Amino acid sequence: MYDFLVHFHSGWRWVFLILLVLALVNNLIKWRQNATQTPADQKWNLYAMSAAHLQLIVGFILYFISPKVQFGGESMSDPVLRFFLVEHMITMLVAIILITIGYSRGKRGENETARFRLAFWFYLGGLIFVLAGIPWPWKEAYGAGWF
Ligand code: HEM
């Protein structure tokens, strides 16, 4: 169960990142073109947000079963334990909140151009936080892989 969830969480990052970039580029292009919003535009935003929410759920399950999360004050003085206990969780939570706001603004902005523009900026903010919060394999101490 634990192994499956870690691999799922690791691999799903790519699905999520691809969907996030696709939604972001779509919002940017349509914003610059002053395009009319279609149901397909909202679907791209929805796919990215849903992928983020699934990652959030799996992340929170891992949070309570992973040996890399040790509850207790001592974890704060160990960079790897602090990363998984606090930094990864908070960074990703902020990212997913930004994406969720972006989705809702993309539906309810005051006009169509504003909807694309707001969804773009919130999704871009989310992407920056996600990229900053991933335990990339080159940060070797975190012991995480590519998939
Ligand atoms: C978009 C959001 C997220 C992305 C892209 C993401 C990505 C990742 C990646 C790539 C790993 C390394 C997996 C490996 O070992 O190969 C990881 C590990 C982990 N993530 Fe996330 N994560 C996200 C959100 C969260 C959240 C919100 C939580 C907790 C509340 C969380 C908890 C964890 C934990 C506990 C581990 C360590 C698992 C282990 O190796 O034992 N993640 N995450």
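User: Among the contacts in the chain with a separation of 6 or more, what percentage do residues 24 or more positions apart account for?

Analyst: Please keep in mind that this is a predicted model. In the chain, 72% of the contacts with a separation of 6 or more are between residues 24 or more positions apart. The elements run α-α-α-α from the N terminus on, with 4 helices and 0 strands in the chain. The C-alpha trace spans about 50 × 25 × 25 Å along its principal axes, and 39% of the 147 residues count as buried.

User: How should I read the packing of two helices, and at what angle do α2 and α3 pack?

Analyst: Two packed helices are described by the angle between their axes and by the distance between those axes. For α2 and α3 the angle is about 155°, and the axes are 10 Å apart. Angles over 145 degrees count as roughly antiparallel, and α2 and α3 are therefore roughly antiparallel to each other. Their crossing is left-handed. On the α2 side the contact includes Q42, N45, L46, M49 and F60, while on the α3 side F84, L85, M89, I96 and Y103 are among the residues that take part. The residues of this contact of α2 with α3 divide into 13 nonpolar, 5 polar and 1 charged.

User: Is D41 buried or exposed?

Analyst: Relative accessible area is the value to consult, and under 20% a residue counts as buried. D41 has a relative accessible area of 2%, so it is buried. The residue sits in α2, which covers residues 39–65, and the side chain of D41 makes a polar contact with the side chain of K30 at 2.7 Å. Leaving aside residues up to four places away in sequence, D41 touches N26, K30, T36 and F116.

User: Which backbone oxygen lies 2.8 Å from a polar atom of the side chain of H88?

Analyst: That backbone oxygen belongs to G133. H88 is found in α3, residues 79–108, and with a relative accessible area of 14% H88 is buried. When residues up to four places away in sequence are not counted, H88 touches H9, F83, G133 and P135.

User: How should I class S104, and how many residues apart in sequence are S104 and R115?

Analyst: The class between buried and exposed is called partly exposed, and at 24% relative accessibility S104 counts as partly exposed. S104 lies in helix α3. S104 and R115 are 11 residues apart in sequence, and their C-alpha atoms are 9.0 Å apart in space.

Definitions and conventions. Residues numbered from 1 in each chain as written. Predicted model: local features only at pLDDT ≥ 70, side-chain atom pairs only at ≥ 80, totals over all residues. Heavy atoms only, no water. Buried < 20%, exposed > 50% of the residue type's maximum accessible area, 1.4 Å probe, protein only. Polar contact = N/O pair within 3.5 Å; in protein donor to acceptor, adjacent residues only side chain to side chain. Contact = heavy atoms within 4.5 Å. Axes fitted to C-alpha atoms, helices over the stretch in contact; angles between N-to-C directions. Parallel < 35°, antiparallel > 145°, perpendicular 65-115°, else oblique. Left-handed = near helix turned anticlockwise from the far one by under 90°. Nonpolar A, V, L, I, M, F, W, Y, C, P; charged D, E, K, R; others polar.
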